[in-house]
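Visitor: Please take me through this model by its terms, and set each value against the definition behind it.

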Amino acid sequence: KIDLVLCDIKMPRMDGMELLNKVSDEGIDVPFVMISAHGTIDTAVDATKKGAYDFIQKPPDLNRILLTVRNALDNSQLSTETKVLRKKVSKGYDIIGDSKGIVEVKDTIEKVAPTEARVLINGENGTGKELVARWLHEKSSR
């Protein structure tokens, strides 16, 4: 497992931004620290929007690199622990059934959970609104 990536913006075959995009598209969760002598504020903002943990200009200060690496690793560890704890806590809730309506609800949850969309869950008492909300929350990245 890769714990952290220190990546230059300018590289021969693929630049650092392309690598960051590719890793992000593959769903690999690893902190990226971008380093560049040619970086601008726009490049730094773009890199952080695409998921980079930090952006350091060359020549890098050793203390800055050490602090950034330590913080990125700590943040990554906390994020992993949070995901594990969420899964442990949510194991007690399951939507049981394979009727057309239940399958439709599960499919809708799978489609909506990864998005930033707001969701309104309504229905009669005892129909499982809270269970749907828990599933939705569990499957979302928020």
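Predicted model: local features only at pLDDT ≥ 70, side-chain atom pairs only at ≥ 80, totals over all residues.

**Helix crossing and helix contact**

Visitor: What makes α4 and α5 helices, and which of their residues meet?

Guide: Helices are DSSP runs of H or I with at least four residues, strands are runs of E with at least two, and both are numbered from the N terminus. With contact meaning heavy atoms within 4.5 Å, V105, K106, I109, E110 and V112 in α4 meet V132, W135, L136 and K139 in α5. By class, this contact has six nonpolar, no polar and three charged residues.

**Buried and exposed**

Visitor: How do you know that the buried residues of α5 line one face of the helix?

Guide: V132, W135 and L136 of α5 are buried. Seen down the axis of α5, the buried residues fall within an arc of 100°, so they line one face of the helix, the arc being that of the directions from the helix axis to the C-beta atoms. Helix α4 is included in what covers them.

Visitor: Why is M17 called buried?

Guide: Buried means under 20% relative accessible area, exposed means over 50%, and partly exposed lies in between (1.4 Å probe, protein chains only); M17 has 11%, so it counts as buried. M17 lies in helix α1 and touches I9, M34, D46, A47 and K50, not counting residues up to four places away in sequence. K1, in the segment before β1, has 83% relative accessibility and therefore counts as exposed.

**Salt bridges**

Visitor: What makes the pair K58 and D8 a salt bridge?

Guide: A salt bridge is a side-chain nitrogen of Lys or Arg within 4 Å of a carboxyl oxygen of Asp or Glu; the closest N and O atoms of K58 and D8 are 2.6 Å apart, so the pair qualifies. K58 lies in the loop between β3 (54-57) and α3 (62-89) and D8 in strand β1 (residues 5-8), so the pair ties together parts that are 50 residues apart in sequence. The structure holds seven salt bridges.

Visitor: How do you know that K83 and D29 tie together parts that are apart in sequence?

Guide: The side chains of K83 and D29 meet in a salt bridge at 2.9 Å, N to O. K83 lies in helix α3 and D29 in the loop between α1 (16-26) and β2 (32-36), so the pair ties together parts that are 54 residues apart in sequence. K83 is partly exposed at 44%, whereas D29, at 52%, is exposed.

Visitor: Why is E110 with K139 called a salt bridge?

Guide: Their closest N and O atoms are 3.3 Å apart. E110 lies in helix α4 (residues 100-112) and K139 in helix α5 (residues 129-139), so this pair ties together parts that are 29 residues apart in sequence. E110, at 42%, is partly exposed, and K139 is partly exposed at 34%.

Notes. Residues numbered from 1 in each chain as written. Heavy atoms only, no water. Nonpolar A, V, L, I, M, F, W, Y, C, P; charged D, E, K, R; others polar.
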